[in-house]
Amino acid sequence: MQIDIVSVFPEYFDITGLSLLGKAQEKGLVTIKAYNLRDWTHDVHHSVDDTPVGGGAGMVMKPEVWAECLDDLLGAGGTGRAGGQATDPVLIFPNPSAPLFTQADATGLSQASRLVFGCGRYEGYDARIPDYYRSRGVDVREYSIGDYVLNGGEVAVSVMLEAITRLLPGFMGNPDSIVEESYTGEEPLLEHRQYTRPTTWRGMTVPEVLISGDHQRVDRFRRDEALERTSRIRPDLIGRLDCDRLDKKDRKT
Ligand code: SAM
């Protein structure tokens, strides 16, 4: 997978060289390049923003500079400054007023071969930028990572990037690690709670069933806990479950 990120602070993405994501790049599973949007400006101040049309506080990111950059990266008549032209780039803009980014979105996007992220700043980017690329047939997505406002898109892109790339085949040492997780699979529940050794620590003991060696009982316990926690903490997720998939014991939970 090839990932290009455009930001006025490309240094934010130095962290992508760390940990599992760094290893995934060494293994050749993913290539990540961060570009400075100001490299596509032509004025002495390298300005990327202007005042809002219609008035109001703050500044808005200009469409011209984004378009020069994205034309280059997407290969839409640009100079090819960024190199490699993939066939299915998905263009993603983080935006607090967009639909929430979910595990299902991460799963879908992990199947793309090329992602291009554009990080907003200030009051955001001119609304015509995503509209223009959509009108040109590009798969454009806008996502919020939560109901709060950040200073810029860099942290939001880091979140999405990590959620997507950890699903790439070969990313995890143990592929089972990503199968049974919160929000994952056909029944997106919160996961049961986790424990490790020692089984008694500071007078606190792990649930007895987990050391019984009875795998059926362990599975039942974990599923009940997942259902109970989901209905208490995230009733919205329980509401979306397919009742036909619940067995009789689930229905009593
Ligand atoms: N004026 C915008 C609003 O009220 O919706 C907020 C703009 S925010 C200060 C600047 C940029 O940060 C946004 O364009 C977006 O790229 C990013 N951003 C901020 N909060 C975000 C969130 N919750 N999810 C995704 N991106 C976010």
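Colleague: What makes up the shell around the ligand, by class?

Modeller: This is a predicted model. In it, the shell has nine nonpolar, nine polar and two charged residues. Gly counts as polar here, and Ala and Pro count as nonpolar.

Colleague: Which residues of the shell are the closest to the ligand?

Modeller: 20 residues surround the ligand, and the closest are P94, G120, G124, G153 and A156.

Colleague: Where does UniProt place the feature "binding site"?

Modeller: The unreviewed UniProt entry places it at G120, I145, G146, D147, Y148, V149 and L150. Such annotations may be inferred rather than shown by experiment.

Colleague: Why is I145 called buried?

Modeller: The cut-off for buried is 20 or more other C-beta atoms within 10 Å. I145 has 20 C-beta neighbours inside 10 Å, so I145 counts as buried. I145 sits in the loop between β7 (139-143) and α5 (153-165). Beyond its neighbours within four places in sequence, I145 contacts P94, F101, A156, V159 and M160.

Colleague: And D147: why is D147 classed as buried or exposed?

Modeller: Exposed means 12 or fewer such atoms. D147 has 7 C-beta neighbours inside 10 Å, so D147 counts as exposed. D147 is also found in the loop between β7 and α5.

Colleague: Why is Y183 called partly exposed?

Modeller: There are 18 other C-beta atoms within 10 Å of Y183, so Y183 is partly exposed. Y183 lies in the loop between α5 and β8. Y183 also has a positive phi of about 65° although it is not a glycine.

Colleague: What is the phi of S19, and why is S19 called exposed?

Modeller: Phi of S19 is near 55°, a positive value in a residue other than glycine. S19 is found in helix α1 (residues 19-26). S19 has 10 C-beta neighbours inside 10 Å, and the limit for exposed is 12 or fewer, so S19 counts as exposed.

Colleague: How does the reach of helix α2 compare with the expected span?

Modeller: Helix α2 (residues 63-74) has twelve residues. G75 follows α2 with a positive phi, near 75°.

Colleague: Which residues of α2 are buried, and what do they pack against?

Modeller: V65, W66, C69, L70, D72, L73 and L74 are the buried ones. Their partners include β1 (2-7), β5 (89-94) and α4 (128-135).

Colleague: What kind of peptide bond joins R197 and P198?

Modeller: A cis bond, with omega about 0°. P198 is in the loop between α5 and β8 (200-201).

Colleague: How is the protein divided into domains, and how far apart are the domain centres?

Modeller: Domain 1 covers 2-165 and domain 2 covers 180-252. Their C-alpha centres lie 37 Å apart. The protein has eight helices and nine strands. Buried residues make up 26% of its 253 residues.

Methods
Residues numbered from 1 in each chain as written. Predicted model: local features only at pLDDT ≥ 70, side-chain atom pairs only at ≥ 80, totals over all residues. Domains from an automatic or database assignment. Near = placed C-beta within 6 Å. Helix = DSSP H or I, 4+ residues; strand = E, 2+ residues; numbered from the N terminus. Expected span 1.5 Å × (residues − 1). Contact = placed C-beta atoms within 7 Å.
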